[in-house]
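This report describes a single protein chain, element by element. Please consult the sequence and the structure shown here while reading.

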Amino acid sequence: LTYGGTQLASLNVLALIPARAGSKGVANKNIKLLGDHPLLSYSIAAAKLSSYINRVIVSTDSEDYGVVAKSYGAEVPFLRPQNLAQDESTDIDFFRHAYNWLKERNYTPDLVVHLRPTTPLRDVSVIDKALAFMIENPQATALRSAYKTHLTPYKMFRVTDGFMRPFLSINDVEEFYNLPRLDFKNILKNSI
């Protein structure tokens with residue numbers, strides 16, 4: 001496979017794994033054990049098993065998380081600033097920080113693979129197929145994994161002023177949320 005005339009295997013392909021401390025839902029979730037290993041380790045292992053990823057960096061705000069990440073073979077060349085490790089912080093915040101930090105040190109990846117620790121059970125061949133797809137389709141600027149789900153947002157509600165209101169709407173269809181689930185085909189859920 002080639003990318004702009006360059007072999008995929010010779011590209012700088014970075015796996016960037018976000019692992020901030022301070023989760024409100026599950027304390028220290030990124031280093032909680034899943035089986036015999038911390039959650040974070042599965043994303044590191046997937047990146048290291050990829051045929052194309054040649055650098056694995058964990059972006060964390062925690063020295064303790066950094067020690068765990070390094071013990072599984074990832075680099076932790078910086079600690080993420082606290083203002084980029086908040087509940088409201090966005091993915092683009094930590095991406096920009098990592099990209100700029102690396103660029104200042106003369107490293108610019110050709111492709112970046114975002115691997116969340118909260119999706120630990122991955123088929124490595126899917127990562128490699130995604131990278132191959134990116135190379136074969138230069139018009140693609142990003143790729144997101146998703147899976148078909150039986151759930152549909154057309155049957156979901158939000159609470160507003162104490163009342164349930166449909167999350168989405170369908171023009172000219174009253175009580176669309178009462179339609180059979182099979183009427184809402186091909187719903188994909190983002191793999192986060």
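## Parallel strands around S3

Strand S3 (residues 13-18) runs parallel to strand S6, and five bridges join the two. Helices (H or I, at least four residues) and strands (E, at least two) are DSSP runs, numbered from the N terminus; two strands pair if DSSP finds at least two bridges between them. S3 is also joined to strand S7, again in parallel, by four bridges. Leu16 stands opposite Ile57 in S6, and its bridge partner in S7 is His114.

## Basis of the model

This is a predicted model, in which local features need pLDDT of at least 70 and side-chain atom pairs count only at pLDDT 80 or more, while totals for chains, interfaces and linings use all residues. Residues are numbered from 1 along each chain as its sequence is written, and side-chain values use heavy atoms, with hydrogens and water left out.

## Overall architecture

The chain has four helices and eleven strands, and its C-alpha trace spans about 55 × 40 × 35 Å along the principal axes. Of the 192 residues, 33% are buried; buried means under 20% relative accessible area, exposed over 50%, and partly exposed in between (1.4 Å probe, protein chains only). Among contacts (heavy atoms within 4.5 Å) between residues at least 6 apart in sequence, 62% join residues at least 24 apart.

Which residues of helix H2 (residues 63-71) are buried? They are Tyr65, Gly66, Val68 and Ala69. Seen down the helix axis, the buried residues of H2 fall within an arc of 165°, so they line one face of the helix; the arc is that of the directions from the helix axis to the C-beta atoms. Their cover includes strand S5 (37-38), helix H1 (39-49) and S6. On the other side of H2, Glu63, Asp64, Val67, Lys70 and Ser71 are exposed.

His97 lies in helix H3 (residues 91-103) and counts as buried, at 17% relative accessibility. Leaving aside neighbours within four places in sequence, His97 is in contact with Phe78, Leu79, Arg80, Pro81 and Leu84.

## Loop residues with positive phi

Asp161, although not a glycine, has a positive phi of about 55°. This residue lies in the loop between strand S9 (157-160) and strand S10 (163-166) and counts as exposed, at 70% relative accessibility.

Glu175, also a residue other than glycine, has a positive phi near 50°. Its place is in the loop between S10 and strand S11 (188-190), and with a relative accessible area of 43% Glu175 is partly exposed.
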